[in-house]
Amino acid sequence: MAAASSQWELPPELCCRPMAFVALTGLDVIYNAVHRAIWDAFCANRRADRVPISFKCLPGDHEYPKCRTKRTSYEWYIPKGILKTGWMNKHLNLVPALVVLFYELDWDDPQWKEKQSECATKVEIVRTSLQGRNTKVAVVLIQKKTPLPPGEDLVASERAATLCNSCDLSGKSLFVLPHTDHLVGYIIRLENAFYEHAQTYYYTEIRRVKSHKEFLNKTTHQLLFVRHQFKIAFFSELKQDTQNALKYYRTAYSLIHELRAHETNILEIKTMAGFISYKICRLCFQHNTPLDSIAQFRKHIDLCKKKIGSAELAFEHSAWMSKQFQSFGELFDEAIKLGLTAIQTQNPGFYYQQAACYSQERKLQAQQLCQAGVNYPAPDPLATPTGGLDFYGQRAWRQGHQSIDPPDSEKEKTGIQALQSKERDVPHSELIIALLSNAVAQFKKYKCPRMKSHLMVQMGEEYYHAKDYTKALKLLDYVMCDYRTERWWALLTSILTTALRCAYLMANVKDYITYSMELLGRASTLHEDQKLRIEQNLLRVLKNELPEAEPECDGGCAAASLWSDRMSLSGSNHFSVEVQDYVPFIQCKARFQSPSFHVDQPIRLQVFLRADCPHPVSLNKLQVSLSNQEYNRWCVVESSGQDNMCLSPGATRCFHFSFVAKTEDVGKKVEMTGIEVMLGSASGGRCVFMSWRGAGGDAASSHEALQASRSSRRRGGRGMEASRQEEPDWDALSIQHTTMVISRVPKVSVVLSHQPPALTNEMYRISITVQSQEEGVARDVKLTAGLKPGQDANLSQTTNVTLSPTKVCDDTDPALLPDIPLGDLQPGDKVERCVYVRCVSTGPRVFLFHVAYSINTTVEGQNIDCKCHKDETVAIETVVPFEVSAKFVSTKFEPLDRVVADIPFLLMTDLLSSSPWPLLLSTSSLQLITMTPTTPQMTSQLQQVVLQTGECGSECFSLQCPPVDNDNNTVGAGQYLVSWRRQSSSPDSPLVQTAVTLPHVLVETIPLYVHADLPSLGRVRESLAVCYHLQNRTSLVQEVEMAVEPSDAFMFSGLKQVRLRILPGSEQDMLYNFYPLMAGYQTLPQLSISLPRCPQTNTHTLRRFLPQRIFIKPQGHQADEDSIAAA
């Protein structure tokens, strides 16, 4: 196998990256630590930025390949081949471009003369072993000391010149290597120098090969033209001149196709063409020109695919073509790993796939050409004295032969026979599978699922041919899922046929039954006679009999033996096949007849079965599994032995099941978890349980249902009446795998009575009347009333419900009252309950009234205790009953933004009803904090007042405020309390007390309080007595400057301007007589008051306590006065 496959493998020296070969001698890497460190610095951990050199450590007396005598003329020379098999390896690993001699010698060594001679001798030995070669020689002196800069050490310069003379070296070939801490740095500098010498060597070799061209002629030296161009290109690669290397490889490729091809040399031409094309493609990828590489490969294939050669060895051409595609695929993949970007339509997978195709072709040709039973010829025509070929691509029995006709026809015949014998031993399937596996990995990487599936099918078939049936089934099973999903029925049938053969040859009973079931199904494209044969085989297996051999199966006898052993085993003959993901020959659909059933109704379900096989099939058992396993015993049907469970081909059979739900399943789903059909007999043979998950269906049913719905929409319902009397349309049948068990329909009425909207904080009364319409006694009737769950969380905190009509709810009362007992209700009886709801906040609320009870009923002869309930909901809006506004005014009813300490003022409240219902205001009061009333007892002015919608009730309170000591001089007035209820509510219903927070007010203190006593009105030309009271409210003696300003409407008598002192806490009175001159509302003479000790207090501040105007009556008769008084 290794020899047969290695014939087509590319030589490793062709595939590797050519690097300059430098031999290092004089290093004892085993026993000398310094030498070992030097060698490691050259070879270990070479980074990509170091020069491309291949180093080898060789002994000083190493024998290098001998150089042949240089040819001076090619006149009579006939080449025996294009390229010798060892030439590339020789220049990569055997013939160095530079030999470097390492020698330990310091410039001040005491034995300088002796060591100089020893060094020269060693150099001479190296030169002798390289005699005839252009290989360069260099010497590196290993020294212990760091050398001085050039020109400073005269001794070193002198001795270096002497050493170069004795060793016959140029100054550029002598180097010094100090063994210090910076060894790697010195090594890298040495490498660069070695690289320059190596490039010089390869440049010389290129010129040497080029010089042969003038001696060649196109008649007899065509092979040499190709050989020389290849060598120049290879040397250019060693020189790292890849651009020129590519140019010469292209020239060599053109020249090789100019050679005259015949059967004796066509293999050599193809082999060398493949080598050169590989080099061209590799360099194009290296130069980042992938399109050039692909174009070259396509050109190469187009030129060579017709060069088949001997018809008896046609498999060799297929093997060669396969290797070309495989090699290019590997190059492509390697370039991608180095950063090249590939796409779906151009990736290495296509080349691996084509390589696999040629390997399959090779396999077929080998089966046709390589006859079994032919002995390998002796002596071996493929044996050579050296164990290998001299030239690439030649035959072992006629090496070096270049004429058209073979030299010995008998040898040619035995050679071909030997090649055919070796080809018989080649594991073709393994080669094909490896290539297909590489292609699958690439198509998976580039997201080409269909290509991946196609190649996996081919891999499965190859495993089948290789008789590895387990792996074949594993691959085919994986691919079948994709083909079922995409409905490639013809491809699926072909794959199933191969899988059935594998199962037969393995005597795998379960797989054989599974694949047979699917091949009998509607997705199979087999002919009826083929389906009939498969069905008969399936029935034989179910009867524990041997099936007939599958057509086109090798190894039928071994398979029959396996089946016989399988039949004789006493193991389990029960098989379970889950067919949900297949397309079996029995279709199944199940449905509940309704999406929901009341608990007092039987749950009914239907199971539809349909057979797609050629002949009727008998079932032994049908069972439906439900989520509640206690119902399963009601959903089983077994055959009674009289064909009552026989399925006719293409006909739909319906099975009905029913059962009574349990009361504890109310509100739960009942789900079909599986359907199971049993084929065969559990007693005499084998039985197979076909199981479906859920309510049936298979891999193709969902698409068929979609197509049926589209076609029914196109028909628009025509013909429905005609089809109702016939069997149901299978495609139109829908699957309903779940149903809901719901409670029995309640036969009670729930009537709500209330007066919306609700008012904030009131005890809102809702009356519930429950009346039974049942035929029996409704037992244990319970009412749940209150806020419906699931609303805003804030609503549950601001809503309280109670049954007590005499007390107001508080925060301890819940938002929902559960299970209020109402007792038992006889038929026709009714009961009434009232609940009271308190809503603290405004807005809409939904209230729930849930009536639950129990009643005995009979369902299909079973007595069950049903729990029934009825829900009523009502949305109630909560509104504010009234709005309260409060304001502070002076005793003159002027608005105040601030009050003066200890000075009376008025608080006025307005209560505006916004309720749609009349409100009864029971009483109102003030709850003061700091302020005090000026009257001994405050009574409510709204007591027992009824307000209609939009009406307003007002009150007025006289208050005064003491001085305050806080920083901002503001005080809270307190609360205004109002007790009220709806006028329509009962007299004993609790009152609702609403507290309204009064506004804060600014309190200020004044040093002097001035107020006046004067009559309510005056008369023209009659004296009017006015007394002004000045009260000192400070703890200091206040000086007061007071003046009366003149007025056009009055004359007055009294002190017009006065300055006085008022003691702390005392009061001073000032009397004036005003004499009115004009009638009507007249402005009184204004007082101007100033306090020198309190300059911040101005006249305007003090004036606001004084009256500004007075009504003056005109002079008239007594009758007029009486009439005015009466008015």
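This is a predicted model: local features need pLDDT of at least 70, side-chain atom pairs count only at pLDDT 80 or more; totals for chains, interfaces and linings use all residues.

Visitor: What are the angle and the axis distance with which helix H17 and helix H18 pack?

Guide: In general, two packed helices are described by the angle between their axes and by the distance between those axes. Here helix H17, residues 469-486, and helix H18, residues 489-506, pack at an angle of about 155°, and their axes are 10 Å apart. Because angles over 145 degrees count as roughly antiparallel, H17 is roughly antiparallel to H18.

Visitor: Which residues in H17 meet which residues in H18?

Guide: From H17 the contact includes Tyr 469, Leu 473, Leu 476, Met 480 and Arg 484, while the residues they and their neighbours meet in H18 include Trp 489, Leu 492, Ile 495, Ala 499 and Met 506. By class, the contact of H17 with H18 has 17 nonpolar, 2 polar and 1 charged residues.

Visitor: Let us turn to the cysteines; how many disulfides does a search of the whole structure find?

Guide: A disulfide is a covalent bond between the sulfur atoms of two cysteines. In this structure the search finds 0 disulfides. Cys 357 is in no disulfide, and the nearest cysteine sulfur, which belongs to Cys 448, is 16 Å away. Cys 357 is partly exposed, with a relative accessible area of 26%.

Visitor: Where should I look for cis peptide bonds?

Guide: Omega is the angle to read: the peptide bond from Ala 378 to Pro 379 is cis, with omega near 0°, and Pro 379 lies in the loop between helix H13 and helix H14. Another cis peptide bond joins Pro 756 and Pro 757, with omega about -5°, and Pro 757 is placed in the loop between strand S18 and strand S19.

Visitor: Which residue other than glycine has a phi near 60°?

Guide: That residue is Gln 944, whose phi is positive; Gln 944 sits in the loop between strand S31 and strand S32 and is partly exposed, with a relative accessible area of 49%. Asn 761, also not a glycine, has a positive phi of about 70°, and its place is in the loop between S19 and strand S20.

Note on methods:
Residues are numbered from 1 along each chain as its sequence is written. Side-chain values use heavy atoms; hydrogens and water are left out. Axes are lines fitted to C-alpha atoms, for helices over the stretch in contact, and angles run from 0 to 180 degrees between N-to-C directions. Helices (H or I, at least four residues) and strands (E, at least two) are DSSP runs, numbered from the N terminus. Angles under 35 degrees count as roughly parallel, over 145 as roughly antiparallel, 65 to 115 as roughly perpendicular and the rest as oblique. Contact means heavy atoms within 4.5 Å. Ala, Val, Leu, Ile, Met, Phe, Trp, Tyr, Cys and Pro count as nonpolar, Asp, Glu, Lys and Arg as charged, and the others, Gly among them, as polar. A disulfide is a pair of cysteine sulfur atoms within 2.5 Å. Buried means under 20% relative accessible area, exposed over 50%, partly exposed in between (1.4 Å probe, protein chains only).
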